[in-house]
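The structure is shown first, and the points follow by topic.

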Amino acid sequence: MRRAVCPGSYDPATNGHLDIIERSAKLFDEVIVLVGINKNKKGLFTVEERLDMLRETTAGLGNVRVDSWQGLTVDYCRDNDIVAITKGLRSVSDFDYELQMAQMNHELSKVETLLMPNNPAYGFVSSSLVKEVATYGGDIEHLVPPVVFERLTKRLREKDS
């Protein structure tokens, strides 16, 4: 079985993330969407909330499952017999960073990294930008999965209360 991991913070997941997950699912027998845990960062959503939203968003993809991990992604790969990491690229700056990360991961573990160019419709979309635009009342409904839109707008209303 050829397995890949699609790591990220997913705070929150966007349609750009979902596009990479769906495309990865066509290439591998199993894809694990891996929510990275960084105790030093305070996210808008808890890790459990992100896992729940991702599970709901990817429910229709039979070969995708969702998990979380604190530590090096390559250690997760080694522990779970995963041969590849899939990542999306939006820009040249993404490429510079991801290439260096891919080379380091290969050096550490021999895990391969597949860098996939984004769908141009999502080239400008990032979790942080989505949160910022939503905070100021901008329309982000077409940029995130429905469950994310619902929970993000609810969370931002709660913060304003």
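Helix α4 gives 7 residues to the lining of the largest pocket, the largest share from any element. The model is predicted.

**Largest pocket**

- The largest pocket holds about 1600 Å³ of space.
- Its lining counts 50 residues, and the closest to the pocket centre are Pro7, Gly8, Ser9, Tyr10 and Lys87.
- Two or more lining residues come from each of the strands β1, β2 and β4 and from each of the helices α1, α2 (47-57), α3 (73-79), α4 (92-109) and α5 (127-135).
- Sorted by class, the lining of the largest pocket comprises 20 polar, 19 nonpolar and 11 charged residues.

**Sheet and packing helix**

- Five strands form an open sheet with parallel pairing, in the order β3-β2-β1-β4-β5.
- Strands β3 (64-69) and β5 (112-117) are the edges of the sheet; each has a single partner strand, so one side of each lacks a neighbour in the sheet.
- On average, neighbouring strands of this sheet are turned by 30° against each other, with direction ignored.
- Strands β1 (residues 3-8) and β2 (residues 30-36) run parallel and are joined by 6 bridges.
- Gly8 has Val35 of β2 opposite, and Gly8 is also among the residues closest to the centre of the largest pocket.
- Helix α1 (residues 15-27) packs on the sheet and touches β1, β2, β3, β4 (84-89) and β5.
- The direction of α1 makes about 125° with that of β5.

**Salt bridges**

- The whole structure contains 13 salt bridges.

**Loop between β1 and α1**

- Tyr10 lies in the loop between β1 and α1.
- Phi of Tyr10 is near 50°, which is a positive value in a residue other than glycine.
- Tyr10 is also one of the residues closest to the centre of the largest pocket.
- The peptide bond between Asp11 and Pro12 is cis, with omega about 0°.

Key:
Residues are numbered from 1 along each chain as its sequence is written. This is a predicted model: local features need pLDDT of at least 70, side-chain atom pairs count only at pLDDT 80 or more; totals for chains, interfaces and linings use all residues. Side-chain values use heavy atoms; hydrogens and water are left out. Two strands pair if DSSP finds at least two bridges between them. Helices (H or I, at least four residues) and strands (E, at least two) are DSSP runs, numbered from the N terminus. Axes are lines fitted to C-alpha atoms, for helices over the stretch in contact, and angles run from 0 to 180 degrees between N-to-C directions. Contact means heavy atoms within 4.5 Å. On a 1 Å grid over the protein atoms alone, a cavity is a set of points where a 1.4 Å probe fits but cannot get out, and a pocket is an open set with protein on both sides within 12 Å along at least five of seven lines; lining residues have an atom within 4 Å of a point. Grid points are joined across faces, edges and corners, and a volume is the space filled by probe spheres set on the points. Ala, Val, Leu, Ile, Met, Phe, Trp, Tyr, Cys and Pro count as nonpolar, Asp, Glu, Lys and Arg as charged, and the others, Gly among them, as polar. A salt bridge is a side-chain nitrogen of Lys or Arg within 4 Å of a carboxyl oxygen of Asp or Glu.
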